[in-house]
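Visitor: I have this one open on my screen and would like to go through it with you. Could we begin with the backbone and then move on to the ligand?

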Amino acid sequence: MKNLFLLLTLVTMPAFASGDGVHLDDVNIDLSDTESLQKGAGLFVNYCLSCHSAAFVRYNRVAKDLQIPEKVVKDNMMFTTDRIGELMIATMLPKDAKKWFGTVPPDLSLIARSRGPEWLYTYLRSFYLDDSSPSGWNNILFDKVAMPHVLYKLQGARHAVFKKDENGIKVFERFEMVKPGSLNKEEFDAVTRDLTNFLVYVGEPAQMVRYKLGVYVLVFLAIFLVFAYLLKKEYWKDVH
Ligand code: HEC
């Protein structure tokens, strides 16, 4: 029994350790929600693609998977190239990024798989004002992050309030709004959910094909079942 308890502790420990003590919020990821994915794609090209690439994905693939007409993609979503078959590459050159931010913004193609959707969703909603940081911003999930709060006009600017726990360690308590943005909390949550949904799709576009394939397989099985049943009846007719 004691050994079992020890084993359980060991198995569950890394899960606690990786949380960094910061609570991650649940996010409703739904790759069949095409409208959310379309909005996420629009937000991504407008707010993220200036610095971050998603270099594993092509514009025409996004157009097809998310059912956005190629003309709409060409006219509204492509700022760095005019070829629809091109990869989603950031506007900013890595050497400029290094100069301005001290680090190159990472490619976001696989970020939803490495960090997980809950982390991304929480990260995008956890920026706060910090005078000690070069950009003026910091993030609860990513201390001293070099990324500015690019969505602050939507979310607003907030201070973070910290307290000391019993061991004297600084822990995050809550945010205080300093200057409200154009969206309320629910609207901003929806925007960051759409972005996260899109980044999950980008992490594995083949999932969309699998989704569709799954439906065909089920339809096939349903039809097959009817014939299998009729066939069974036919065979057993003579046995009875
Ligand atoms: C002005 C440039 C800029 C824009 C625009 C920008 N980012 Fe960033 N981002 C950065 C930089 C620089 C870093 C690296 C931070 C570091 O390492 O300290 C970063 C880091 C990140 C990370 C953390 C990656 C990791 O290391 O795990 C995520 C996630 C991210 N950005 C998502 C986004 C999303 C989503 C958008 C659009 C809403 C966006 N970023 C827009 C500059 C930018």
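Visitor: Is Gln67 buried or exposed?

Guide: Keeping in mind that this is a predicted model, Gln67 counts as exposed because its relative accessible area is 53%, and the cut-off for that class is over 50%.

Visitor: Where is Gln67 placed, and what is its phi?

Guide: Gln67 sits in the loop between α3 and α4 (70-76), and its phi is near 55 degrees, which is a positive value in a residue other than glycine.

Visitor: What about the phi of Lys144?

Guide: Lys144 is not a glycine either, yet its phi is positive at about 60 degrees. Lys144 belongs to the loop between β4 and α8, and with a relative accessibility of 65% it counts as exposed.

Visitor: And Thr81, buried or exposed?

Guide: Thr81, in the loop between α4 and β2 (87-88), counts as buried because its relative accessibility is 17%, where the class requires under 20%. The side chain of Thr81 also reaches the backbone nitrogen of Arg83, at 3.0 Å.

Visitor: On to the ligand, then. Which protein donors does its iron atom have?

Guide: The protein donors are His52, through NE2, and Met147, through SD, and they lie 2.0 to 2.1 Å from the iron atom. The site has 6 donor atoms with angles of 88 to 178 degrees among them, and its geometry is octahedral.

Visitor: Where in the chain do those two residues come from?

Guide: They link distant parts of the chain, being 95 residues apart: His52 is in the loop between α2 (34-47) and β1 (54-58), while Met147 is in the loop between β4 (137-139) and α8 (152-155). Both His52 and Met147 are buried.

Visitor: How many residues surround the ligand?

Guide: There are 22 of them, and the closest are Cys48, Cys51, His52, Arg115 and Met147.

Visitor: Which polar atoms lie by the oxygen atoms of the ligand?

Guide: A polar side-chain atom of Arg115 lies 2.6 Å from an oxygen atom of the ligand, and a backbone N or O atom of Ala146 is 2.8 Å from an oxygen atom of the ligand. As for nitrogen, one such atom of the ligand is 2.8 Å from an N or O atom in the side chain of His52.

Visitor: Changing topic, which residues touch the most other members of the largest nonpolar core?

Guide: That core holds 44 residues, and Phe44, Leu66, Met88 and Tyr201 are the ones that touch the most other members. Two or more residues each are given to this core by α2, β1, α3 (59-65), α6 (111-115), α7 (117-124) and α9 (185-203), with α9 supplying the largest share, 8 residues.

Visitor: How is the chain divided into domains?

Guide: The domain assignment gives domain 1 as 33-204 and domain 2 as 209-240, and the centres of the two, taken over C-alpha atoms, are separated by 46 Å.

Visitor: Last one: where is Val219 found, and why is it classed as partly exposed?

Guide: Val219 is found in helix α10, which covers residues 206-239. Val219 is partly exposed because its relative accessible area is 44%, which falls between the 20% and 50% limits of the neighbouring classes. Val219 and Val62 are 157 residues apart in sequence, and their C-alpha atoms are 26 Å apart in space.

Notes: Residues numbered from 1 in each chain as written. Predicted model: local features only at pLDDT ≥ 70, side-chain atom pairs only at ≥ 80, totals over all residues. Heavy atoms only, no water. Domains from an automatic or database assignment. Donors = N, O, S within 2.8 Å, 3.2 Å for Na, K, Ca; no water. Tetrahedral: all angles 85-135°; square planar, octahedral: opposite > 155°, others 65-115°. Helix = DSSP H or I, 4+ residues; strand = E, 2+ residues; numbered from the N terminus. Buried < 20%, exposed > 50% of the residue type's maximum accessible area, 1.4 Å probe, protein only. Near = heavy atom within 4 Å. Polar contact = N/O pair within 3.5 Å; in protein donor to acceptor, adjacent residues only side chain to side chain. Core = buried A, V, L, I, M, F, W, Y, C linked by side-chain atoms within 4.5 Å.
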